[in-house]
Amino acid sequence: MSLKDKLLSSYIAFEDYLEDDSPIHDLRSDAIKTFENQGFPTKKEEAWKYTSLNSILKEDYSLFPKKDNDIQLKDVKRYFLHEIDTYKIVFVDGIYNSFLSETTHDKADVCLLSSALSKDKYKPIVETYFNKVAKNNSLTSLNTAFAKEGAYISIPKHVELDKPIEIINFATGNETAILLQPRNLVVVGENAQVQIIERHQSLSDNAVLTNSVTEIFAEKRAHVDFYKIQNDRSSASLIDHTYANQERDSIVKVHTFSFGGKLTRNNLNFYQNGEHCDSVLNGITILEKKQHVDHNTLVHHISPNCESHQDYKGIFDDSSTGVFNGKVYVEKEAQKIDAFQKNNNILISDKATINAKPQLEIFADDVKCSHGCTIGQLDEDAMFYMRSRGIGQKEARALLMYAFANNVLEGVKIPELKRRVNKLIAQKIGVNLGFDL
Amino acid sequence: MSKYTEDDLKKELETKEYEYGFYTDIESDTFPVGLNEDIVRAISLKKEEPQWMTDWRIEAFRAWQQMEEPEWANVTYDKPDFQNISYYSAPNNKAKYDSIDDVDPELLETFNKLGISLDEQKKLAGVAVDIVMDSVSVATTFKDTLAKKGIIFCSISEAIREHSDLVKKYLGSVVPQKDNFYAALNSAVFSDGSFCYIPKGVRCPMELSTYFRINQAGTGQFERTLVIADEGSYVSYLEGCTAPSRDENQLHAAVVELIALDDSEIKYSTVQNWFPGNKEGKGGVFNFVTKRGICEKNAKISWTQVETGSAVTWKYPSCVLKGDNSIGEFYSIAVTNNFQQADTGTKMIHLGKNTRSTIISKGISAGKSQNSYRGLVKINSRADNARNFSQCDSLLMGNSCGAHTFPYIEAHNKTAQVEHEATTSKIGEDQIFYCNQRGIDTEKAIALIVNGFSKEVLNKLPMEFAVEAQKLLEISLEGSVG
């Protein structure tokens, strides 16, 4: 039985198990129909031209894991940003783990989607926001159909949350293969601010496929910083969809650090509905072996006087493959837009591949839109300069790579996180540099 | 060689009758509408082609039947009804024009604006004109001069008959019959086109030029061009198009194949000014062209194009850089106004070592038009030290038009260096104001700025074309500023 058939037949069971009066019941049944019609995307679709899901869809994924998947804090502590205090929403095999989590309802709601969906007091918010910005493509619909758990974050007006929120999805590997579909909803009210760190982590070498959807709503003057740490094992694959809906004067930044995983696909979709919005999409990708990362971005400029900045850096070793498909869409009403898109890549191995498609679609005349894309190598002269001053080859290379990625690192506003990412980069390129960049 | 002087030309003009008029007076030998194997055979028979050519066409036709019309391009149009087109039309009487008065005045006006009449065109020394009218080559000048150098420049049908070994060897070698929908259609039904062969070590002394025109209502034009530059040779080839107004859409599906053997260089320049449809977007030519060249060792192919016409353009002149140290270049200006749609760009396929390519594309959209750049730069894993630089700039006029950029970059080699840059901008009000202050009216100011914007590409055109192209830009953008 193919995965698609399996999903379709389990949906019937899943629906029976849920209570019928769920406010999103109709959404679910529409979504499963969309998925049934469209199926999994194939390479024939333009958006999936360079990424094939065939190899990861072969596994026999279990959809509803057993409930007793307890893990000990000491085993997973290193995956948390433990140096500082944070709110934590932790899921183990898709199920909320209250022991590892630290939620709140004081100034803001940092809790679970399942409780938001079931409690009456959240009903208006769910009705206003849930699935309102997500698009009806097949994988997002698949997630919507099975949506029951994930993070629910709602920051009221004028609240600046005191500490960052960590959303961590662990996969224990108690099943031979598991499909996880977390669904996050983030609503940031007027003039509110929040920092979110998201991480998917597998704890064994059993196959994991995560099909995650996050919806972010940034109201007027809201400020959202979203960090995605993707440093999973080579048995884990991730398809991540992030949809951001921005009102006027809001700033939404998504930083993606892709260092691991078997296949990672990041779909970032930004919709600017008010004037003076700023969207920032940054990414550092460092890959080796047979890893594959695909960044697919869309910034849709609907209103005038907005800005968007995309900056993606990639370093590719061994037989790894990097894909960057960035799209800037400017509606004809959206005059005076400043949109910038940059994609720089370094190939280290002969077998590594880069496929880039920086795309502009512009219907307004008074705009400043540009994109740049480069593929190159580390500067031989710079290498020589450092070697002649007694810096080892490995270290010299690492320094250059750091310098290459530094622009994006500078954007990380949590110092501890920045240090953590630095460490990850150092690990990834196999050096130990005794300083913080 | 003895230079062909103006006196020679005058003499020739006196003795020769004016062979190529514009339209209507010529009685055409037109095939019934529709397409089937019999029509393909009939075309082949009519052209007195050898059996292998007929088989080749039939093979292409059968492949075409299996294919679907491509829809990926960023254009929308009513698909042509391929059974409602006459696939062959040839003038059976030679046109006899004594004066230019018989010519469509609107067209003449355009020519006047261009500052170029066809007479004058011919007088431009160093330009050999091979007029293709209604699919059959009617006149070829300068043939003798070229023949002395061993250069073959003739219609493709003549080449099939007289140089069949060359044609057989190279036809379809760069654009195979089954390459794409329109290339397959063209392979099956092409009625004429140009053939050019430059022998080893010969530098073609003049710019070779072909003027294509569509004349007969309801006849699609399917040209096939084959240019072969043998080892160490050089040729500069000009292709220009004008088409008189027609109300129904006309289909133009040409195939151009360039073969640059070791150390040779081909420079292929196009000015495309087919009828773009009127201001309401009615009529206009559909231009679905497959152009591709292959570079052997140290060879160079340079495509330069100025696209101002056609209702719908679908065109990607490409270079396959097969040999080591080969070079591919693509310089393009695409102007769209009113309801025109253009989806154009290039493909640079780097296969050999130390291959280099440059892409400069300038898109200008006005009115309600859509202008897309679509390009591919592919560095193969064995193409060490490949280098590419791409730049595509778009200029938008008004907010009813669109500019789109779809660059595909695929690198499989660590020594590759690829750079891509794109910008979108508009003509600044201060720029216009500056010109106005100095007594330059707005329309002229725009022409001035657009010419400046396109200069990098215009500079690449041969002299004769550059002047014409500049004026063409002005005309194309007339009335685009309110």
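## Where the chains meet

The contact between chain A and chain B takes 31 residues from chain A and 32 residues from chain B; two residues are in contact if their C-beta atoms, placed from the backbone, lie within 7 Å. This is a predicted model, in which local features need pLDDT of at least 70, side-chain atom pairs count only at pLDDT 80 or more, and totals for chains, interfaces and linings use all residues. Residues are numbered from 1 along each chain as its sequence is written, while chains are lettered from A and ligands numbered from 1 in the order in which they are written.

On the side of chain A that touches chain B, strand 19 (353-362) and strand 20 (368-376) of chain A are the elements that give two or more residues. Strand 19 of chain A gives the most, with ten residues. By type, this side of chain A has 14 nonpolar, ten polar and seven charged residues. (Ala, Val, Leu, Ile, Met, Phe, Trp, Tyr, Cys and Pro count as nonpolar, Asp, Glu, Lys and Arg as charged, and the others, Gly among them, as polar.)

Strand 20 of chain A runs antiparallel to strand 24 (residues 417-426) of chain B, and seven bridges join them. Strands here are DSSP runs of E, at least two residues long, and helices are runs of H or I, at least four, numbered from the N terminus. A:His371 stands opposite B:Ala422 in strand 24 of chain B.

## Two domains in chain A

The domain assignment of chain A gives domain 1 (3-273) and domain 2 (380-437), and their C-alpha centres lie 31 Å apart. In the contact between them, 13 residues of domain 1 of chain A meet ten residues of domain 2 of chain A. Strand 12 of chain A gives the most to the domain 1 side, with three residues. The residues of that side divide into seven nonpolar, three polar and three charged.

## A look at helix 2

Which residues of helix 2 of chain A are buried? They are A:Arg28, A:Ala31, A:Ile32 and A:Phe35, where buried means that 20 or more other C-beta atoms lie within 10 Å of the residue's own, and exposed means 12 or fewer, with C-beta atoms placed from the backbone. Seen down the axis of helix 2 of chain A, the buried residues fall within an arc of 100 degrees, so they line one face of the helix. What covers them includes helix 1 (3-17) and helix 7 (138-145) of chain A.

On the other side of helix 2 of chain A, A:Asp26, A:Ser29 and A:Asn37 are exposed. Just after this helix, A:Gly39 takes a positive phi of about 65 degrees.

How values were computed: Domain bounds come from an automatic or database domain assignment. Two strands pair if DSSP finds at least two bridges between them. The arc is that of the directions from the helix axis to the C-beta atoms.
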